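I opened this structure to see how its parts are held together. My notes follow in the order in which I looked things up.

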Amino acid sequence: KMTQPPRFAFTIHATDGKARTGEIAMRRGTIRTPAFMPVGTAATVKGVKPADVRAAGADIILGNTYHLMLRPGAERVARLGGLHGFMGWDRPILTDSGGYQVMSLSDLTKRDENGVTFKSHLDGTRHTLSPERSIEIQRLLGSDIVMAFDELVPTTSPPEVQSAAMARSMRISMALPIARVFRIWPSRRVPRATRAICFRRRRRCIDGYGRRHGDGCNHDSRGRRGAGPGHSRRDRQGGGRAGTDRRGPAGR
């Protein structure tokens, strides 16, 4: 009986100081790291055929949740066989959460712990993108690596604003039961720890995800194995364990 390729396995092949090369093995192919990931915003890398993207050396491309949810729509892509078949790319695809475009492209956004309500930059229609809906859209697209919904703040924001956004993003991610996500489809849910420029906040964010979501973030910033289940919706409203420690969302 043939062994099925791993859903997600990362191997380091060589190091030089803090630099390293490696591979991420997934069921649709292997991604060499560090990787250049072409952006296929609306299910296409503009001006380049998928075969040429692959011939140029790309192992993975990015699809954009915000743009695809507005046009042609996640449900339509799913009916047509998923994003891979829709765009003619049979290797891994990473999809973002949609949070960046919601904040940067849309006017009159309204934010709370349950998500964001915004006006489409295409036709002005109003939409609501919740953390659960973001994950559902990425499931419908058939993404291989998905991103949990996060809150965007400008890099010039004061430290307290960045910290609050980081804490909210962590609460949102903790509230999405990872076991339920993995039962739905064989993708990898990866938290974002890139919103804050401050390295102390980045480390706190990564360490928090590593301890809480061992199955979604394999190691913390010091290479230790993490562990922990998902949490309920009330956790991102401050009623549960996630993000309630007074020393910070990672308990530091």
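**Entry 1: a pair in helix α6.** I began with R133 and E136, which sit three residues apart in helix α6 and are therefore separated by about one helical turn. Helices here are DSSP runs of H or I with at least four residues, strands are E runs of at least two, and both are numbered from the N terminus. The two side chains meet in a salt bridge at 3.0 Å, N to O. I count a salt bridge when a side-chain nitrogen of Lys or Arg lies within 4 Å of a carboxyl oxygen of Asp or Glu. R133 has a relative accessible area of 23%, so I noted R133 as partly exposed. E136 is partly exposed too, at 32%. The scale is this: buried is under 20% relative accessible area, exposed is over 50%, and partly exposed is in between, with a 1.4 Å probe and protein chains only.

**Entry 2: ground rules.** The model is predicted, so I kept its limits in view: local features need pLDDT of at least 70, side-chain atom pairs count only at pLDDT 80 or more, and totals for chains, interfaces and linings use all residues. Residues are numbered from 1 along each chain as its sequence is written, and side-chain values use heavy atoms, with hydrogens and water left out.

**Entry 3: other salt bridges.** How many salt bridges does the structure hold? I found eight. One of them joins D59 and R91, with the closest N and O atoms 4.0 Å apart. D59 lies in the loop between α1 (50-55) and β5 (61-63), and R91 in the loop between α4 (83-87) and β6 (93-95), so this pair ties together parts 32 residues apart in sequence. Both D59 and R91 are buried. I also traced a network: salt bridges with shared partners join R32, R54, D59 and R91.

**Entry 4: D144.** I looked up D144 in the loop between α6 (131-141) and β10 (145-147). Is D144 buried or exposed? D144 counts as buried because its relative accessibility is 6%. Its salt bridge partner is R28, and their closest N and O atoms are 2.5 Å apart. R28 sits in the loop between β2 (19-26) and β3 (29-33), and the two residues are 116 residues apart. R28 is partly exposed, at 37% relative accessibility. The side chain of D144 also has a polar atom 2.8 Å from the backbone nitrogen of I93.

**Entry 5: aromatic rings.** I searched the whole structure and found one aromatic pair. The pair is Y66 with F118, tilted, at 5.5 Å centre to centre and 40° between the planes. Rings of Phe, Tyr and Trp (its six-membered ring) pair if their centres lie within 6.5 Å; planes under 30 degrees apart are stacked, over 60 edge-to-face, and the rest tilted. Y66 belongs to helix α2 (residues 65-70) and F118 to strand β8 (residues 115-119), 52 residues apart. Both residues are buried.

Entry 6: I counted three cavities of 30 Å³ or more. On a 1 Å grid over the protein atoms alone, a cavity is a set of points where a 1.4 Å probe fits but cannot get out; a pocket is an open set with protein on both sides within 12 Å along at least five of seven lines; lining residues have an atom within 4 Å of a point. Grid points are joined across faces, edges and corners, and a volume is the space filled by probe spheres set on them.

The second largest cavity has a volume of about 50 Å³. Its lining includes M103, F149 and E151. β7 (110-112), β8 and α7 (159-174) each supply at least two lining residues.

The second largest pocket holds about 200 Å³ of space. T15, G17, K18, A19 and R20 line this pocket.

Entry 7: The peptide bond from T33 to P34 is cis, with omega near 0°. P34 is in the loop between β3 and β4 (39-40). R71 and P72 are also joined by a cis peptide bond, with omega about 10°. P72 has its place in the loop between α2 and α3 (74-79). Last, I checked A43: its phi is positive, about 70°, although A43 is not a glycine. A43 lies in the loop between β4 and α1, and at 9% relative accessibility A43 counts as buried.

Definitions and conventions. A polar contact is a pair of N or O atoms within 3.5 Å; within protein, one must be able to donate a hydrogen and the other to accept it, and residues adjacent in sequence count only if both atoms are side-chain atoms.
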